Amino acid sequence: MEGIHQNGKATFTAGAAIAKGEFVKFSSGKVVKCAVATDIAIGVALDGAEAGELVPVQLLTSGDTVLVKAGGAVAQGGTLSCLGTTVSTAGALQYGIALDAAENGELVEAAVGLPAVTKIA
């Protein structure tokens, strides 16, 4: 992939099946869905794709909101891991904030960005 992507979107080849709204990471020159909360995501899939297909990705640096697939029940204002789950442990990576509530598997609008480390008081 070459060039500058000023709109915050880029297209990559899927290394495995990816659903719309899943956080993705690099793996062997392709993108795959994040599998564990410590994965380093690069963005969120804007559409679903099968292995070998092209998938558009909203990069985390875009500053836009995006639909994220909830990996569990998410409250409005809840912080999100790269699995789409609510972050509740100190030191976990936080990739976004849910702008609405959602149930497991639903798409929820979220403000996403580069990860921050969660501090739990």
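Strand β1 (residues 9-13) and strand β5 (residues 54-59) run antiparallel and are joined by five bridges. Here strands are DSSP runs of E with at least two residues, numbered from the N terminus. Two strands pair if DSSP finds at least two bridges between them. This is a predicted model, in which local features need pLDDT of at least 70, side-chain atom pairs count only at pLDDT 80 or more, and totals for chains, interfaces and linings use all residues. Residues are numbered from 1 along each chain as its sequence is written, and side-chain values use heavy atoms, with hydrogens and water left out.

**The sheet**

Strand β4 (residues 43-45) also meets β5: three bridges join the two, again antiparallel. The table gives residues that stand opposite each other.

| Residue | Opposite residue in β5 |
|---|---|
| A10 | V57 |
| G43 | L59 |
| A45 | V57 |

The open sheet has five strands in the order β1-β5-β4-β2-β3, with antiparallel pairing. β1 and β3 (30-33) stand at the edges with a single partner strand each, so one side of each has no neighbour in the sheet. On average, neighbouring strands of this sheet are turned by 50° against each other, direction ignored. Axes for such angles are lines fitted to C-alpha atoms, and angles run from 0 to 180 degrees between N-to-C directions.

**V112**

V112 lies in strand β9 (residues 107-117). It counts as buried because its relative accessibility is 9%; buried means under 20% relative accessible area, exposed over 50%, partly exposed in between, with a 1.4 Å probe and protein chains only. Leaving out residues up to four places away in sequence, V112 touches F23, L60, D64, V66, V68, Y95 and G96. Contact means heavy atoms within 4.5 Å. V112 and T79 are 33 residues apart in sequence, and their C-alpha atoms are 9.6 Å apart in space.

**The largest pocket**

The largest pocket has a volume of about 150 Å³. A pocket is an open set of points on a 1 Å grid over the protein atoms alone, where a 1.4 Å probe fits, with protein on both sides within 12 Å along at least five of seven lines; lining residues have an atom within 4 Å of a point. The volume is the space filled by probe spheres set on the points, which are joined across faces, edges and corners. Lining residues include F23, K33, C34, K69 and L83. The lining divides into six nonpolar, three polar and three charged residues.

Conventions. Nonpolar A, V, L, I, M, F, W, Y, C, P; charged D, E, K, R; others polar. Helix = DSSP H or I, 4+ residues; strand = E, 2+ residues; numbered from the N terminus.
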